[in-house]
Amino acid sequence: MIKSNYVKIFDTTLRDGEQSPGATMTSAEKLEVARSLARMGVDVIEAGFPAASPDDLEAVRRIALEVGRPTPDDPEAEVPVITGLARANKSDIDKAWQAVQEAARPRIHTFIATSPIHMKYKLKMDPEDVIQRVSEMVGYARSLCADVEFSPEDAGRSEPEFLYVVLGEAIKAGATTLNIPDTVGYTTPDEFFALIEGIIRNTPGMHEGITISVHCHDDLGMATANTLAGIRAGARQAEVTINGIGERAGNTSLEEVVMTLKTRKPIFGLETGIQTPQIARVSKLVSNYTGIVVQPNKAIVGANAFAHEAGIHQDGMLKHQTTYEIMRPEDVGVNQSKLVLGKHSGRHALRSRLAEMGHSLDENELDKAFARFKELADRKKVITDLDLEAVIADEFYRPRDVYYLDGLQVTCGTIGMPTATVRLKGPDGKVHVQAAMGSGPVDAAYKAIDAIVKMPNTLLEFNIHAITEGIDALGEVTVRIQGENGLHTMDAQSELVYQRVFGGHGADTDIVVASTKAYLNALNKLIIAQTEGLEPAHANHTHGVMLG
Ligand code: KIV
Ligand code: ZN
């Protein structure tokens, strides 16, 4: 088999990532993530699991229409393949096809488990019946769509000889990509290398037109190592998620695979189509939308990945950057130390800096960003790229406001009870004012909001951190809440139905304001989803992001 030196990046942030409990994104947010993935050069976007619910199907359909087709002003533009996941049954495959068929390059991705454990306990099917199902359902998918991917779920714990038979049937029935998942993150790199090598060598009917793909989970912390081992063995598609989000310990992260192939090119000799300077921004976008915070020491995108605090490292860095840095921060879009703008910078300077960072705002959006910038410049001496990203995220990457924070005052400290007075503008334009006491100022503010909004929910997570250094730093807050009624979705593999969780994000130099905004942001998503489904009519963020 001739192996090309190009590795396709298949991003499943919107399916395996979003589907994991607690990472719900609204349809508008999914669209924005899909746009960013396409701009970054992802080859295949797995946009969701259409059979999970009508909302999920509709979200995939919108991505197929709006991201999976060239725009009229650039009809020749290359667009990514858009795929939807389907269990190996006709109803799921029909729904996946319904969702992706409008894309210029649609794909159906169907799967069934092949490990003894899954066949016996989950599917309650004999191996022979699984083989027959693969043949029938891959064939059915192929009768609808020319591009079909097949995955033998839990391949990492399947018998290799059985896999060869199943995969051979999938090829015979018309699959063009064979994806090998280590579903439970069980294998080691050597084992996974041998598995992929064995599949390429022994699967009947294997030919050059078939792409072998790898899909690894991180339960033992080896997802990236296994993915790279699979690539060395001949796989030419890697299935990944942004920030490695996904079931349990997560999936292989896009940034780790892509930056390893780039940084260690002499070893691998392979390429991807990813515009790596966009990695940091997309990472931030996904974190803000899901409310899932990136751990500070996370490779490539963690806040400390390019920070050199230890004196010895700083000394080395000053002598030569390569002493402790194997990648340049700008190669992944991290320009932490760049001091950009101050109080006297004008609109033009802001517009140019935002454009350099990849944000192209229309006049109206620029007005809003400029007002936020001036407000911030009154409170903070120098404004860095990170501050600007936070302002943009806060201003534009949030859902349409149902309730809008119009004013907040708190008293707190050691004397008396922490109290907050909140003024919100409601959906009907009505102004609501409410005071409440709490265990601290944030708790008091949340209680006041709850008394106005009356949307029962549980606060699952609250995170706060300073975006830059210094006493005047912007505080950034992310929260995750779960509504108390309805809004379920289904996991494609476990078939478990669970309550959706909504993330919220807020940034301000005042941390109580940032906390209040973050909570309101999450509540607005919950309210929209409860009242209109996950398909809110219009999001707040309509601005474009330019190619970097
Ligand atoms: O982990 C897994 O097995 C999957 C498949 C559905 C590809 O996500
Ligand atoms: Zn998976």
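This is a predicted model: local features need pLDDT of at least 70, side-chain atom pairs count only at pLDDT 80 or more; totals for chains, interfaces and linings use all residues.

Reply: A crossing counts as right-handed if the near helix is turned clockwise from the far one by less than a right angle, and as left-handed if anticlockwise. In that sense, α4 crosses α6 in a right-handed way. Residues are numbered from 1 along each chain as its sequence is written, chains are lettered from A and ligands numbered from 1 in the order in which they are written, and side-chain values use heavy atoms, without hydrogens or water.

Let's stay with that pair. Helix α4 covers residues 90-100 and helix α6 residues 127-144; their axes come within 10 Å and cross at roughly 25° (helices are DSSP runs of H or I with at least four residues, numbered from the N terminus; axes are fitted to C-alpha atoms over the stretch in contact, and angles between N-to-C directions run from 0 to 180 degrees). The two are therefore roughly parallel (under 35 degrees; over 145 is roughly antiparallel, 65 to 115 roughly perpendicular and the rest oblique). On the α4 side, Lys90, Ile93, Asp94 and Trp97 make the contact, and α6 brings Met137, Tyr140, Ala141 and Leu144 (heavy atoms within 4.5 Å). These residues comprise 6 nonpolar and 2 charged, with no polar ones (Ala, Val, Leu, Ile, Met, Phe, Trp, Tyr, Cys and Pro are nonpolar, Asp, Glu, Lys and Arg charged, the others, including Gly, polar).

Next come α2 (residues 27-40) and α12 (residues 279-290), whose axes lie 10 Å apart at an angle of about 165°. That angle makes α2 roughly antiparallel to α12, and their crossing is left-handed. From α2, the residues Glu29, Glu32, Val33, Ser36, Leu37 and Met40 meet Ile279, Val282, Leu285, Val286 and Tyr289 of α12. Sorted by class, this contact holds 8 nonpolar residues, 1 polar and 2 charged.

Finally, look at α8 (residues 189-202) against α9 (residues 223-232): the axes are 8 Å apart and the packing angle is about 35°. The handedness of this crossing is right-handed. Pro189, Phe192, Phe193 and Ile196 of α8 touch Ala225, Asn226, Ala229, Gly230 and Arg232 of α9. The class count for α8 with α9 is 6 nonpolar, 2 polar and 1 charged.
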